[in-house]
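Let's take a walk through this structure together. Have a look at the fold, and then read on.

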Amino acid sequence: DLLAAVISGEALERERARLTRRLGRFSPSVEPSRQEPGVFWLDVSRLRCLDDSWMAWAQSVEESLRLLELSAVVVVGWTRFGVYAVSKAAAGSDVLLDAAQERQRMRSVALDRLHWEPKALDALTRLGITTVGAFMDLPALGLRKRFGELAYGIHQQANGQTWNALTPSMLREPLYERVIFEAPEESADRLLVFLEPRLLALLEGHLK
């Protein structure tokens, strides 16, 4: 009694756009993966002063997606490829304390967890290369010719040979509100009291 059908490109694009907007609640910069549906990168580098607990932040992202009847693994880390690889093998959301921990966790991830060309993955498996770490240790010379462009690109990213800046989707036009003070304000507490309702009003309009 099982019925199945291929998900259309239009349906995937609608869902990608919907989730990008949703994740925009947690970071101003959200980049959806075009190669692998369901993978998103969020830039949190400017949010450090806003939340003392990154695990709490990750869990709030999880909960927001759970309300859409979706499950997610959120990994906060240091590099684009590192958090991607760790998230593909993690049982739940996690925070990587430093780059060394990220690299250690990344190296232990099974290769078949990642997005591969099937022929390249089969060839690597036959050679006994089954983890990201073993793959990273392969010499780069000849890798592209033997295993293809995708495998070569993964090798370069994993070893830090290429660095791609985040290319976020523009969620909406930036919101502005201009306020002119009659006199210079030196109290941070008074500024917060003055600005908080205005920021909340902008945020409320942005999330509608």
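We'll start with the cores, then turn to the helices.

A word on ground rules: this is a predicted model, where local features need pLDDT of at least 70, side-chain atom pairs count only at pLDDT 80 or more, and totals for chains, interfaces and linings use all residues. Residues are numbered from 1 along each chain as its sequence is written, and side-chain values use heavy atoms, with hydrogens and water left out.

In soluble globular proteins, nonpolar side chains tend to be buried together. Here, the largest nonpolar core has 28 residues. (A nonpolar core is a set of buried Ala, Val, Leu, Ile, Met, Phe, Trp, Tyr and Cys residues joined through side-chain atoms within 4.5 Å; buried means under 20% relative accessible area, exposed over 50%, and partly exposed in between, with a 1.4 Å probe and protein chains only.) Phe81, Leu111, Leu114, Trp116, Val132 and Phe135 have the most contacts inside this core. At least two of its residues come from each of helix 3 (80-89), helix 5 (118-126), helix 6 (132-136), helix 7 (143-147) and helix 8 (149-158). Helices here are DSSP runs (H or I, at least four residues), numbered from the N terminus. Helix 3 gives the most to this core, with five residues.

Zoom in on Phe135. Setting aside neighbours within four places in sequence, Phe135 is in contact (heavy atoms within 4.5 Å) with Leu111, Trp116, Leu124, Ile129, Leu143, Ala151, Ile154 and His155. There is also a second, separate core of 15 residues, with Leu19, Trp57, Leu65 and Val76 among them.

Now for helix 8, whose buried residues are Ala151, Tyr152, Ile154, His155, Gln156 and Ala158. What covers them includes helix 3, helix 4, helix 5, helix 6 and helix 7. After helix 8 comes Gly160, with a positive phi near 70 degrees.

How do helix 3 and helix 4 pack, and at what angle? Their axes (lines fitted to C-alpha atoms over the stretch in contact, with angles from 0 to 180 degrees between N-to-C directions) are 9 Å apart, at an angle of about 50 degrees. That makes helix 3 oblique to helix 4, since angles under 35 degrees count as roughly parallel, over 145 as roughly antiparallel, 65 to 115 as roughly perpendicular and the rest as oblique. Phe81, Gly82, Val83, Ala85 and Val86 of helix 3 make the contact with Glu102, Arg105 and Met106 of helix 4.

Helix 4 (residues 99-107) also holds Gln104, which counts as exposed at 59% relative accessibility.
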